[in-house]
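Student: I have a protein model open and would like to learn how to read it. Could you guide me?

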Amino acid sequence: MTTAVCLECGRIKRGAWTSCPDCGFEPCGPDQLAQAVLVSDHFLGREVLEAMGERCRRGEPWQFPQGLLDVVRERIVATVPFDELGHPLAMDQPPAPTPSDDEA
Ligand SMILES: [Zn+2]
C-alpha cells in the first residue's frame, strides 16, 4: 500500500495518484503525477512524508529537485497511459525508478 502526501492540503493519504479524501485534489498530467510520486513512500519514509505534509499545511511551497522530477516525469510519460483529462488509466501503479533517499 502506497502512502503519499496530498500535494494540495498536505494530508497523508493512501496512493500517490488517488484523490484526496479531505480536499478532493487529484493529481493529473505528467507534472503533477511525477510530483505525487516524489512525495510518496516510493521515495521517502513515512516520517519524512509527514514532515513534508506538515510544512505544506503551514503554507510552505513544495520544492522538488528538478532533475529527479524530470526523470520521474519522463518515466511516467513513457509508461503510463492517460485518459483525455490527463488522469492515469493505471491507478496507483506509478513507475518507481531506483529509490533514493538522497533528496530527503
Ligand atoms: Zn488534500
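Student: How many helices and strands does the chain have?

Tutor: Let's begin with the ground rules. This is a predicted model, where local features need pLDDT of at least 70, side-chain atom pairs count only at pLDDT 80 or more, and totals for chains, interfaces and linings use all residues. Residues are numbered from 1 along each chain as its sequence is written. Helices (H or I, at least four residues) and strands (E, at least two) are DSSP runs, numbered from the N terminus. Here there are three helices and two strands, in the order β-β-α-α-α along the sequence.

Student: What does the chain average in pLDDT?

Tutor: pLDDT is the predictor's confidence in each residue, from 0 to 100. The chain averages 88, and 86% of the residues score at least 70. Over residues 98-104, though, pLDDT stays under 50.

Student: Which residues touch the most other members of the largest nonpolar core?

Tutor: In soluble globular proteins, nonpolar side chains tend to be buried together. A nonpolar core is a set of buried Ala, Val, Leu, Ile, Met, Phe, Trp, Tyr and Cys residues joined through C-beta atoms within 7 Å. Buried means that 20 or more other C-beta atoms, placed from the backbone, lie within 10 Å of the residue's own. The largest core here has 19 residues, and Val5, Leu33, Ala34, Ala36, Val37, Leu38 and Val39 touch the most other members. At least two core residues come from each of β1 (3-5), α1 (29-38), α2 (46-57) and α3 (66-79), with α1 giving the largest share, five residues.

Note on methods. Buried ≥ 20, exposed ≤ 12 C-beta atoms within 10 Å, placed from the backbone. Contact = placed C-beta atoms within 7 Å.
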